[in-house]
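Here are my notes on this model, as numbered points. Please read them with the structure open.

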Amino acid sequence: MATILLLGSGELGKEFTIAAKRIGQTVIAVDSYPNAPAAQLADFAETINMLDGNALDALVEKYKPDYIVPEIEAIRTERFYEYEKQGYTVIPSAKAANFTMNRKAIRDLAAKELGLKTADYRYATSVESLSRAVSEIGMPCVVKPLMSSSGKGQSTIKSEADIEKAWVYSQEGSRGDVSEVIVETFVDFNYEITLLTVTQRSGITLFCPPIGHRQERGDYMESWQPATMENSILKEAQQMAAKVTEALTGCGVWGVEFFVGENGVYFSELSPRPHDTGMVTLANTQNFNEFELHLRAVLGFPISEITQERIGASAVILATENSEKPIYEGIEKIAASPKTDFRIFGKPTSRPFRRMGLVLTYDNLEGNIVEVTEKAKTLASDVKIISG
Ligand SMILES: Nc1ncnc2c1ncn2[C@@H]1O[C@H](COP(=O)(O)OP(=O)(O)OP(=O)(O)O)[C@@H](O)[C@H]1O
Ligand SMILES: [Mg+2]
């Protein structure tokens, strides 16, 4: 039985914990607040600020885990290199966790070192250098803090007048002490996908059927599997995903994000862990969902194949207000709907746009993915979260 130090205990960590507990592993769930979703199920729970390296060190020392499994980006990942030196296993690797928390590290690796096609990009450290960068790459373009997630601090520049606003906004949304931003060409894509990729300790790299998704305010609203796409484009994306995950090293599930436009497929970014859009696999669209795959890869259990068993969709249930005691209305309707399932994450409090739950819909392989997705979306929009 392995001891897993899970750094981040949200809805993704909760499903990972369920997968781990099903096969008898020990999980320590860590988050910045008590009673987080995974903490409600884990063997032990700890509340620390994971950007505090000393607090992280203390937990590693206390539990001496077999595996350190990050679930979020906002961690003092520099410490991971030290843990590896001490003989700990970081999932997928210290390098992967550290590179992906900074857009500069991962983008330069992908575009310059590995030669993957990405949107044209520059970096800027002030409103003046942003202005120069914008004139070099042209408008429209997208500005993002180097350290941020869920679209925080991200905006699109359409005219000169937007430049200063974009700079100010990026500084408000930046995590930590880094003020540098990336500015990249706006890709007028036809669709975007997440390609869940599984790297194994021994065994070949496997790919899940592609997942389509729609984003609003930098967070996903619906995801569906499979995304309809040309096989040649999918193959190209798979090759890119194999390259970047190999360069970052280690085993686990990765969510590799791509844009697909008239000029082909662009690598965007990746998560070295299960991806939020990959929660669609909780509709049992595959022989193993992304959390089960991650767990097996972490533990070094061989995964012989990933098969698609159904088509499916997920749609997020978002809160609309602040509450210390969220109550869910409209769940009966979801429960009564055939070929439908749902999750309520059990987050202790709500705030506007906080993701609180999920509607999952599915059909057999001959079903219509657009209809399945529409159904999830409609059902999710009928749920109201009120303050109890
Ligand atoms: N260059 C671009 N051109 C067009 N759309 C973009 C571009 N960059 C980002 N987007 C849109 O914004 C979304 C979020 O961007 P990105 O994934 O880079 O940020 P993020 O904050 O890391 O998001 P998350 O952490 O939720 O994955 C993308 O999924 C895409 O829909
Ligand atoms: Mg993203």
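1. Ligand 1 first. The shell around ligand 1 holds 18 residues, and Ala-119, Val-142, Ser-149, Val-187 and Gln-215 come nearest. A residue is near a molecule if its C-beta atom, placed from the backbone, lies within 6 Å of it. Strand E7 (141–145) and strand E15 (264–271) are the elements that give two or more residues to this shell. Helices (H or I, at least four residues) and strands (E, at least two) are DSSP runs, numbered from the N terminus. By class, the shell has 4 nonpolar, 8 polar and 6 charged residues. Here Ala, Val, Leu, Ile, Met, Phe, Trp, Tyr, Cys and Pro count as nonpolar, Asp, Glu, Lys and Arg as charged, and the others, Gly among them, as polar.

2. Ground rules. This is a predicted model: local features need pLDDT of at least 70, side-chain atom pairs count only at pLDDT 80 or more, and totals for chains, interfaces and linings use all residues. Residues are numbered from 1 along each chain as its sequence is written, while chains are lettered from A and ligands numbered from 1 in the order in which they are written.

3. Domains. The protein is divided into domain 1 (3–90), domain 2 (120–185) and domain 3 (191–387). The bounds come from an automatic or database domain assignment.

4. The contact of domain 1 with domain 3. The centres of these two domains, taken over C-alpha atoms, are 22 Å apart. Each domain puts 14 residues into the contact. Two residues are in contact if their C-beta atoms, placed from the backbone, lie within 7 Å. On the domain 1 side, H1 and strand E4 (67–70) each supply at least two residues. H1 gives the most, with 7 residues. By class, this side has 8 nonpolar, 2 polar and 4 charged residues.

5. Glu-15. This residue is in helix H1 (residues 11–22). Is Glu-15 buried or exposed? Glu-15 counts as buried, because it has 26 C-beta neighbours inside 10 Å. The cut-offs: buried means 20 or more other C-beta atoms within 10 Å of the residue's own, exposed means 12 or fewer, and partly exposed lies in between, with C-beta atoms placed from the backbone. Not counting residues up to four places away in sequence, Glu-15 touches Leu-282 and Phe-291.

6. Annotated span and sites. An unreviewed UniProt entry places "domain: ATP-grasp" on residues 108–299. That span is 30% helix and 31% strand, and its end C-alpha atoms lie 30 Å apart. The UniProt annotation "binding site", also from an unreviewed entry, covers Glu-257 and Glu-269. UniProt positions use the numbering given here, feature names are shortened, and annotations may be inferred rather than shown by experiment.

7. The two annotated glutamates. Glu-257 lies in strand E14 (residues 252–261), and Glu-269 lies in strand E15. Glu-257 counts as buried, with 20 C-beta neighbours inside 10 Å. Glu-269 has 17 and counts as partly exposed. Leaving aside neighbours within four places in sequence, the contacts of Glu-257 include Glu-192, Thr-194 and Glu-269.

8. Core. Leu-6, Phe-258 and Val-359 touch the most other members of the largest nonpolar core, which has 105 residues. A nonpolar core is a set of buried Ala, Val, Leu, Ile, Met, Phe, Trp, Tyr and Cys residues joined through C-beta atoms within 7 Å. Beyond four places in sequence, the contacts of Phe-258 include Ile-193, Leu-195, Ala-237 and Val-265.

9. Backbone points to check. Most residues other than glycine have a negative phi, and most peptide bonds are trans. The bond from Ile-91 to Pro-92 is cis, with omega near -10°. The bond from Met-139 to Pro-140 is cis as well, with omega near -5°. Phi of Arg-217 is positive, near 50°, and Arg-217 is exposed, with 11 other C-beta atoms within 10 Å. Phe-353 has a positive phi of about 70°; it lies in the loop between strand E18 (340–344) and strand E19 (355–363).
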